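Here are my notes on this model, as numbered points. Please read them with the structure open beside you.

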Amino acid sequence: FLNKFCNLPLSPKTIDAADIIYFPGVWYPILKSLCKRKSPPIFLLVHDLMPIVCSQYFRYESSASYYQILHGFSKRDNCWFMANSESTKNDLCNVMRMPPERVFVSYHAADKTVLYPCQNKKCIQKIRTKYGIPEGPYLLAMSRFQHRKNLRTLLKAFKILQGESKIKNLSLVIGGAAISIDDYTSLAEIRKPWAKDKVFHIGYVDEEDLSPLYSGALTFVFPSFYEGFGSPPLEAMHCGTPVIVSNTSSMPEVVGDAGIQFTPHDTYALADNILKLYQDSSLCKKLSKQGI
């Protein structure tokens, strides 16, 4: 309802008639005008402060607008904020100077009816065939081609494994819709000769295919620089897939001791961690169990 309704003008009468107003995000056009007038109590869900703390990836107008909305509501006594992680709450308190008592953490979750450890080898093979994934172990990443997703480090690490470690039967599968492409370097890299028949960009993945795709992977890699929450590692853990994530923003909070963490700029650390899982099946089983 809100997704359709919030893009329409709200009359003062409609606003004043409400007992509580809840917005599941900051990107609503009406918020700019609403933060300047009196209204009933407001709850605002903040998924991240990316336009502010990672402003280099956004147009100035978008970052400024995002800041103005949060700053405007932070001045109101009848507005409270819901953050999707302690990391996002810390950003709100430290960057926006919001009182901690007005920010509540409400974690995201993965859908257990969709995400589960898939043990059916025929089902996994069917998904491999559908998305053109060759035989042998594969790394999985679910990511858009955006700078902050840090696919370049993953590609460099995979190239090291192909060359210095001489692993020839390993593939890298990158899933996810190619929306908001700004990482042209990574997109160009996967089209180079070295990546042919080794790196596969499979695009959007149907929901019913997620569990066998995750479950069939050697490991799930998420090298992002910044996430307000970061749902893909949680999805992978639901499927019993070992995860390797960056040790920044919310990702250590989401993964805890159930996954391997690395510094996102450290290409060799990522390559070493992938190699550990490639060579140590007992470590894979341990992380799989902890993830679930």
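1. Start at Leu 31, which is found in helix H3 (residues 30–34). Helices (H or I, at least four residues) and strands (E, at least two) are DSSP runs, numbered from the N terminus. Leu 31 counts as buried, at 0% relative accessibility. Buried means under 20% relative accessible area, exposed over 50%, and partly exposed in between (1.4 Å probe, protein chains only).

2. A word on the source. This is a predicted model, where local features need pLDDT of at least 70, side-chain atom pairs count only at pLDDT 80 or more, and totals for chains, interfaces and linings use all residues. Residues are numbered from 1 along each chain as its sequence is written, and side-chain values use heavy atoms, with hydrogens and water left out.

3. What does Leu 31 touch, not counting residues up to four places away in sequence? The list is Phe 23, Gly 25, Val 26, Leu 44, Ile 69 and Phe 73. Contact here means heavy atoms within 4.5 Å. Two of these names return in the strands: Leu 44 is the bridge partner of Phe 23 in S2. Pro 99 is another matter: it lies 68 residues from Leu 31 in sequence and 21 Å away in space, C-alpha to C-alpha.

4. Now the strands. S1 (residues 21–23) and S2 run parallel, joined by 3 bridges. S2 also pairs with strand S3 (residues 79–83), again in the parallel sense, over 5 bridges. Two strands pair if DSSP finds at least two bridges between them. On the S3 side, Cys 79 is the bridge partner of Ile 42. Strand S2 (residues 42–46) is mostly covered, with 4 of its 5 residues buried.

5. Next, a helix pair. The axes of H8 (residues 151–163) and H13 (residues 267–279) come within 8 Å and cross at roughly 60 degrees. Axes are lines fitted to C-alpha atoms, for helices over the stretch in contact, and angles run from 0 to 180 degrees between N-to-C directions.

6. Which residues make the contact between H8 and H13? H8 gives Thr 153, Leu 154, Lys 156, Ala 157, Ile 160 and Leu 161. H13 gives Thr 267, Tyr 268, Leu 270, Ala 271, Ile 274 and Leu 275. An α-helix has 3.6 residues a turn, so residues three or four places apart point the same way.

7. Two loop residues deserve a look at phi. Most residues other than glycine have a negative phi. Arg 97 has a positive phi near 60 degrees. Arg 97 sits in the loop between helix H6 (86–95) and strand S4 (103–105). Asn 150 also has a positive phi near 60 degrees, in the loop between strand S5 (138–142) and H8. Buried or exposed? Arg 97 is exposed, at 68% relative accessible area, whereas Asn 150 is buried, at 3%.

8. Finally, H11 (residues 231–238). Here 6 of the 8 residues are buried, so this helix is largely enclosed by the rest of the structure. The buried residues are Pro 232, Pro 233, Leu 234, Glu 235, Ala 236 and Met 237. Their cover includes S5, helix H10 (210–215), strand S8 (219–222), strand S9 (243–246), helix H12 (251–255) and helix H14 (281–291). Just after H11, Gly 240 takes a positive phi of about 75 degrees.
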